[in-house]
Each structure stands twice: as structure tokens, then as C-alpha cells.
Amino acid sequence: MSATKVTLRKRPLPSGKITLYLDFYPPIKVPGTERKTRREYLGIYLKKTPKTLQDRLDNQEKLRIAEGIRSQREISILKDQYGFVDKATAKMDFLAWYRAQVEKNNKNWAFAYNYFSDYVGGQCTMGEITIDLCKGFREYLLNARQQKHKNKPLSQNSASGYYSTFRALLNIAYRDHLITENINDYLEAIEDTETRRDYLTLEELQRLADTPCPIAVLKNASLFSCLTGLRISDILALKWENIEQYPDGGACLRLKTEKTDTETTLPISAEALELCGKPGKGTVFRGLTPQMTHYRLQQWIQAAGIEKHITFHCFRHTNATLLLDQGTDIYTVSKMLTHRNVSTTQIYTEVMDKKKREAAESITLKKK
């Protein structure tokens, strides 16, 4: 591809003045659009017929300035920095561009967008994306409140996830020449903190299954999560069309998980399929609402005599820990949970690592 040549040109205007502009050949792409352009008007005007010495000197000075701009543009283009493009991009609505990226990704991107929009007061141009602004957003997240529960602080792990998606956004902006510097080189990630993962033992799960629940669909969906490891978001969205039969018997789920946007096929047991009820059309767990998974869920768990703090998400932890406890290899568990990395699944091995427990018992003060 030949290098772009930048030429300073003049165009007479009806007013009698001459406007100066830069002519790019071949044309260069305007970021954020599919449009290419050959011209940049400089907003510099010459007098067509200078009548005085001062008029002539003014024209010369303006030509000198315009030539300087032309030279800068050519150098920046040769360096692949697109100086002209940067100037136009600086005025772009960063939040509008951010929203367009959110639509291509999962809900974590939407949450991160909401926090950033609050941080900048709902207004931000591309030119305002600086190292200091991005460092400030990191501190903002570390001290932010939850969006749904303003009286509760945002957890560090949530802040870590949102800042991670924001940094991914910065990578896209740099890749597409919307910002001229890789800001991530100067940013420090927010580290995750180790969190307690409560789960049900097999005995507790069986006891819960034997305990009546006033809301049948809540009980069925909860036990289904324990048997499959599905998140509440995926259970709420589960439709009968997602359940298919294997040619040689048995059933599986074909779905795209909401959190990781991952297409997957998950075999399910006959017990799990039975919890879905009579096959039909539309939503499988019809009538289930997110509100049921809070107070109503706690009532049922307490009725089963379980004193642990168990949330609906703990059913996913239950599935993972029981699979590992039964000897399922970690790679298979990772695939069943639709984890992107096995390292995420390894967290559960810390909970149910029999070798560690055996090692703890190997040293004794009692004589055999």
C-alpha cells in the first residue's frame, strides 16, 4: 500500500476569500465510521486580492501555518498515528461509542458502562480519555455503591470485573486508532479477593429435596441448578427448545450462557429432566422470578434445618464441589460449568481437596 500524500490546496469562495484545505491521497479512513475522506478544511482563509502590505504579510503567515499543519499531518500518517483522525476523534462521544460496544458483549459490560457514565457525569469525549481519568475510575469503583442497593458497597471482586471489562474496551479503542496511546500500560488492575463459597453437602441437598416448599417452581429450579450447575440467569431464560434428546437416549441442553456468552451442550440426568415438568413450549420454569430466590428461598432452606448462608448461586457451587468430590476430573467439571479457564474451576478444589484433608491427618501426636 502506497503512503498517503498530503497536499495543501486552495479553493476560492463566493465571498472573495480563499479557503485552505489538505488533500489526502489515497483517502484515509475516519475512525468510528466506514467513511473515507480526502479533505480536511483548516479554517484558515486568505485574502484573494491583498491590497496592503499588511494583507500580504497576513497571507504569508497563514500559508506558513497551513504548511506546518500539512507537514505534521503527513508525518503522523507515516507513523500510523493519524493526526487528522485524532483531531476529529477527540470530539467523538465516547459514551455513545461505549454503548455500541456494550451491545456486542455480556451484561458485565453494561454494568461497567453504567458506573463509568456515573463517574464522568454522563458526558465524555474520546479526547478526555486520559491516564489520569482511567486511574480515577479505578478509585471510583473501589469506593462505589451497588447500583441496585445504594446502601451497600460494591464488592472488590465486582469492581475488579467491571474494571477489567473497561480495560478491554480501552484495548479496542487503541486497536481502532481512536486513542493514540495504549493507556493500559499505565493502569493497575483491581485484584480479586478470596471469597467464601458456601455449598450444600450431599446429605444437606437430599434433605432439602425432601423438604416441602410452598413454591413448587422455586424448588424445582433450585434442585435443577444443583444437578446441572446452571446460573439463575440461564435457568430463567431456559426454553423447551433448548432441551434435546440424544439419539441413543438421554437429554441435553443446547444454549448460550448469558454471563460468558458461550455456546454449549450439557448432558443432563433423568432426575434433572424430571424437574423440568411436562414438556411444552416457551419457558421451562414458567412463573419463576428473581424475587423468589431471596426471602422465599431462605424460608425453604431454614425449613430444611440448614443453617448455612445459602443463596441461589450456591447451588452452582454445590454442583461443582459434589462433582469433584465424586471423582469427576477437573477438566470435565470446567466444561460442565462453562468456565472459560480451568483456573476458575480450580477454586473449587480448594473446598473439596481430599488429599489435603488426608495430609492434615497424616501427622499425629498419638502413638499407634
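Predicted model: local features only at pLDDT ≥ 70, side-chain atom pairs only at ≥ 80, totals over all residues.
1. Strand 1 (residues 5-12) and strand 2 (residues 17-29) run antiparallel, and 8 bridges join them. If you want a pair to look for, find Val-6, which sits opposite Phe-24 in strand 2.

2. Now look at the turn. The hairpin of strand 1 and strand 2 has 4 residues between the strands, and Gly-16 takes a positive phi near 100° there.

3. Strand 2 has another partner too: it pairs with strand 3 (residues 36-47), again in the antiparallel sense, over 8 bridges. Here, Lys-17 is opposite Lys-47 in strand 3.

4. Next, the largest nonpolar core, which has 38 residues. Which of them touch the most other members? Those are Leu-208, Phe-224, Ile-235, Leu-253, Phe-285, Leu-288 and Phe-315. In soluble globular proteins, nonpolar side chains tend to be buried together.

5. Where does this core come from? Elements giving two or more residues include helix 7 (202-210), strand 5 (251-256), strand 6 (263-268) and helix 12 (313-325). Helix 8 gives the most, with 6 residues.

6. Zoom in on Leu-253. Skipping neighbours within four places in sequence, Leu-253 is in contact with Phe-224, Leu-230, Leu-238, Asn-242, Ile-243, Thr-264, Thr-265, Leu-266 and Ile-268.

7. A second, separate core has 33 residues, among them Leu-95, Cys-134, Tyr-163 and Ile-172.

Key. Residues numbered from 1 in each chain as written. Heavy atoms only, no water. Core = buried A, V, L, I, M, F, W, Y, C linked by side-chain atoms within 4.5 Å. Buried < 20%, exposed > 50% of the residue type's maximum accessible area, 1.4 Å probe, protein only. Contact = heavy atoms within 4.5 Å. Pairing = 2+ DSSP bridges.
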